[in-house]
Amino acid sequence: MAERTPAWINSDHLTALGFLAQVMAGASYALARWNRYWLLAIIGFLALNWLGDSLDGTLARVRQQLRPRYGFYVDHIVDSFGGLALMGGLALSGYMHPSIAVGLLVAFLLLSIQSYLATYTLGEFQISFWNFGPTELRILPVVGNIALLYHPLVFHGRHRLFDVGGAIGLIGMSAMMIFFTVRNTRRLYLEERIR
């Protein structure tokens with residue numbers, strides 16, 4: 001795809017596309033409070049987000065226009081603001097309790113910080129945790145949105161589907177955070193032991 005991308009489109013355009021699509025996905029969640037068919041629009045916006053976010057770095061590599069520090073910084077600050085927009089939309093949607101949406105945002109940001117600190121201190125950048133990365137994070141709401149159209153409540157109508165899914169996600173992300181924090185702290189301690 002990168003080799004067929006028109007010359008007038010550059011990596012910054014794709015980064016902007018990915019960011020705007022994520023903001024629109026968040027806005028669509030907020031609008032789904034009044035019309036559940038906005039849940040389908042979110043699927044399209046998440047696909048555009050994936051396209052822009054996945055292709056921007058590849059395009060730079062193919063065209064030999066790499067700017068590693070700029071790309072790293074812009075890509076990840078955009079992801080942080082995009083995550084805020086997406087979780088903000090979910091908090092306003094009525095399909096997820098705002099506390100769970102905020103918890104997921106905090107967990108996402110903590111995992112991001114952990115990743116950036118590991119990049120700086122260990123020289124290892126890790127975007128996926130336990131084989132769970134950005135693509136999987138987009139697939140979950142796509143599947144969830146389709147399920148939400150038909151079954152917004154689970155467990156005999158007692159709980160919102162996205163509250164249950166969000167709570168499971170929060171537990172998983174918290175476990176990842178604890179595991180990688182302990183592992184990296186131990187490794188750094190052993191590598192820089194005071195003698």
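Predicted model: local features only at pLDDT ≥ 70, side-chain atom pairs only at ≥ 80, totals over all residues.

Student: OK. How many helices and strands are there in the chain?

Tutor: The chain has six helices and two strands.

Student: And in what order do the elements run from the N terminus?

Tutor: They go α-α-α-α-α-β-β-α.

Student: What box do the C-alpha atoms fill?

Tutor: Roughly 60 × 50 × 20 Å, if you take it along the principal axes.

Student: What percentage of the residues count as buried?

Tutor: Of the 195 residues in the chain, 35% count as buried.

Student: Let's do helix packing. How do you even describe two packed helices?

Tutor: You give the angle between their axes and the distance between those axes.

Student: Then what are the angle and axis distance for α1 and α3?

Tutor: Helix α1 covers residues 11–31 and helix α3 covers residues 68–93. They pack at an angle of about 10°, and their axes are 6 Å apart. That makes α1 roughly parallel to α3, because an angle under 35 degrees counts as roughly parallel.

Student: Which hand does the crossing of α1 and α3 have, left or right?

Tutor: α1 passes α3 in a left-handed crossing.

Student: What sort of residues make the contact of α1 with α3?

Tutor: They divide into 13 nonpolar, seven polar and two charged.

Student: Now α4 and α6: what angle do they pack at?

Tutor: Helix α4 (residues 98–122) and helix α6 (residues 161–191) pack at about 20°, with their axes 9 Å apart. With that angle, α4 is roughly parallel to α6. The crossing of α4 past α6 is left-handed, and the residues of their contact divide into 15 nonpolar, seven polar and three charged.

Student: Switching to α5. What should its length be, and what is it in the model?

Tutor: Helix α5 is residues 134–150, which is 17 residues. At 1.5 Å a residue, they should span 24 Å, and the end C-alpha atoms are 26 Å apart, which agrees.

Student: Which residues of α5 are buried?

Tutor: In α5, the buried residues are Arg-138, Pro-141, Gly-144, Asn-145, Leu-148 and Leu-149.

Student: Where do the buried residues sit when you look down the axis of α5?

Tutor: They fall within an arc of 135°, so they line one face of the helix.

Student: And which exposed residues are on the face of α5 turned away from its buried side?

Tutor: That face carries Leu-140, Val-143 and Tyr-150.

Student: Back to α3. What span should it have?

Tutor: The 26 residues of α3 should span 38 Å at 1.5 Å a residue. Its end C-alpha atoms are 37 Å apart, which agrees.

Student: What happens just after α3?

Tutor: Gly-94 takes a positive phi of about 85° there.

Student: Next, where is Phe-155?

Tutor: Phe-155 is in the loop between β1 (153–154) and β2 (159–160). Its phi is positive, about 55°, although Phe-155 is not a glycine. Phe-155 is exposed, with a relative accessible area of 53%, because exposed means over 50%.

Student: What about His-156, buried or exposed?

Tutor: His-156 counts as exposed at 77% relative accessibility. It is found in the loop between β1 and β2, and phi of His-156 is near 60°, a positive value in a residue other than glycine.

Student: How far is Phe-155 from Met-176?

Tutor: They are 21 residues apart along the chain, and their C-alpha atoms are separated by 27 Å.

Student: And how far apart are Leu-31 and Leu-92 in space?

Tutor: They sit 8.5 Å apart, C-alpha to C-alpha, and 61 residues apart in sequence. Leu-31 lies in helix α1 and is partly exposed, with a relative accessible area of 37%.

Student: Last one: where is Ile-168?

Tutor: Ile-168 is in helix α6, and at 57% relative accessibility it counts as exposed. Ile-168 and Thr-15 are 153 residues apart in sequence and 30 Å apart in space, C-alpha to C-alpha.

Methods:
Residues numbered from 1 in each chain as written. Heavy atoms only, no water. Axes fitted to C-alpha atoms, helices over the stretch in contact; angles between N-to-C directions. Helix = DSSP H or I, 4+ residues; strand = E, 2+ residues; numbered from the N terminus. Parallel < 35°, antiparallel > 145°, perpendicular 65-115°, else oblique. Left-handed = near helix turned anticlockwise from the far one by under 90°. Nonpolar A, V, L, I, M, F, W, Y, C, P; charged D, E, K, R; others polar. Expected span 1.5 Å × (residues − 1). Buried < 20%, exposed > 50% of the residue type's maximum accessible area, 1.4 Å probe, protein only. Arc of directions from axis to C-beta.
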